[in-house]
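Subject: Structure handover

Hello,

Here is the structure we talked about. My notes on what turned up follow below it.

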Amino acid sequence: MQTRAAILSAFPAERPYATSRPLSIERVELDDPGRGEVLVRVAAAGLCHSDLSVINGDRPRPMPMALGHEAAGVVERVGEDVPDLVPGDHVVMVFVPSCGSCAPCAEGRPALCEPGAAANNAGTLLSGARRIHKADHTINHHLGCSAFAEHAVVSHRSLVKVDREMPLERAALFGCAVLTGVGAVVNTAAVRAGETVAVVGLGGVGLSAVLGALSSGAAQVIAIDVNPDKAGFAASLGATAVFDPRGEDTVAAIRELTRGGVDVAVETAGVAAAFKCAYDVTRRGGRTVTASLPNPAVTLPATHVSLVAEERTVRGSYLGGGVPRRDIARYMALNAAGRLPVEKLHTGTDPLDKINEGFDALAEGATIRRLISIAA
């Protein structure tokens, strides 16, 4: 079948993207779903820094590529050996497919699925196939999803079935921002009621972490960002204090406020200075978690001796450090109960043809989570 998709042919692209137009909306040929694969009509897809990092060259990927990984839609057709989905099901896409049988998957760590990582790096589906073509050219998949499109063929292991009562625009947020940010707090950091939490970097993932910390019963939730509008937004969500990390006394002020530093600091900004801030505001014996994906050249700015002498814990968190099929259902239940109001993170909707302008807004820090609403 033919469908429209946002194709990136080269990187890095110059800003403003509204002028350079790195993403072109093209009519492409989409193969039928193969064994274990599903055809999804995409309803909504979020603009995320993981997409932006491909456009700006921070995370090189094989070109050309159909971008997009945070999305929700409706199953239209299933291939052979798809035991868990039927046409009409509502689904959320997950940006790491889980094979279910490699060592990390067997340990209950699907984010580290080895065949899934290999497929994502190669620009293929979990099967190794590429299902998008134009003329005689094959187009690569982005993280097994390629969701900035009217339709997508994906592995059923990249999909989580969700309740049809959940609006699809809201459901899309759970596939990356919520899964990653809330998971960094509840799975990786294992925040307990009464602990103190700081979140450095207040994009969609960071603000999801703020919501996750509040839902977990944190006594204090401190939001840190260079953008005062985002800090103010975090305060409106319930953050108990906000800070600009560039202030000379920011670390000292947070340490005084929390009597020695926070129990948990979560960094989601993807820059070395943000990680240093998170590490510096963490108390002796505390946990520092990073859920960002910076340029591969960025290294951790932390002193070795403090890690040992203060018995610090530093952990990475990918895909929220959990199990998407379990966690998305749990987070949606919290949302339905009013305890995780992720719909507040949705700050605008654009048509597919305005995707470059949407990435300008994201790059400028002028939005939290913009969605592309896709009408086939």
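The lining of the largest cavity splits into 5 nonpolar, 3 polar and 2 charged residues. (Ala, Val, Leu, Ile, Met, Phe, Trp, Tyr, Cys and Pro count as nonpolar, Asp, Glu, Lys and Arg as charged, and the others, Gly among them, as polar.) Its volume is about 80 Å³. Among the residues that line it are S50, R59, F95, H142 and Y318.

This is a predicted model: local features need pLDDT of at least 70, side-chain atom pairs count only at pLDDT 80 or more, and totals for chains, interfaces and linings use all residues. Residues are numbered from 1 along each chain as its sequence is written, and side-chain values use heavy atoms, with hydrogens and water left out.

On terms: a cavity is a set of points, on a 1 Å grid over the protein atoms alone, where a 1.4 Å probe fits but cannot get out. A pocket is an open set with protein on both sides within 12 Å along at least five of seven lines, and lining residues have an atom within 4 Å of a point. Grid points are joined across faces, edges and corners; a volume is the space filled by probe spheres set on the points.

There are 2 cavities of 30 Å³ or more. Strand β9 (151–155) supplies the largest share, 3 residues. (Helices, H or I of at least four residues, and strands, E of at least two, are DSSP runs numbered from the N terminus.)

The largest pocket has a volume of about 960 Å³. It is lined by 46 residues, with H49, T268, A269, G270 and S292 nearest its centre. α2 contributes most to that lining, 4 residues.

Now the cores. A nonpolar core is a set of buried Ala, Val, Leu, Ile, Met, Phe, Trp, Tyr and Cys residues joined through side-chain atoms within 4.5 Å. Buried means under 20% relative accessible area, exposed over 50%, partly exposed in between (1.4 Å probe, protein chains only). The largest core has 59 residues. α5 gives the most to it, 11 residues. A second, separate core of 33 residues includes V38 and L352.

E37 sits in strand β3 (residues 37–46). E37 is buried, at 2% relative accessible area.

Last, the barrel. 5 strands close into it in the order β1-β2-β7-β8-β4, with mixed pairing. (Two strands pair if DSSP finds at least two bridges between them.) β4 and β8 run parallel, joined by 2 bridges.

Best wishes
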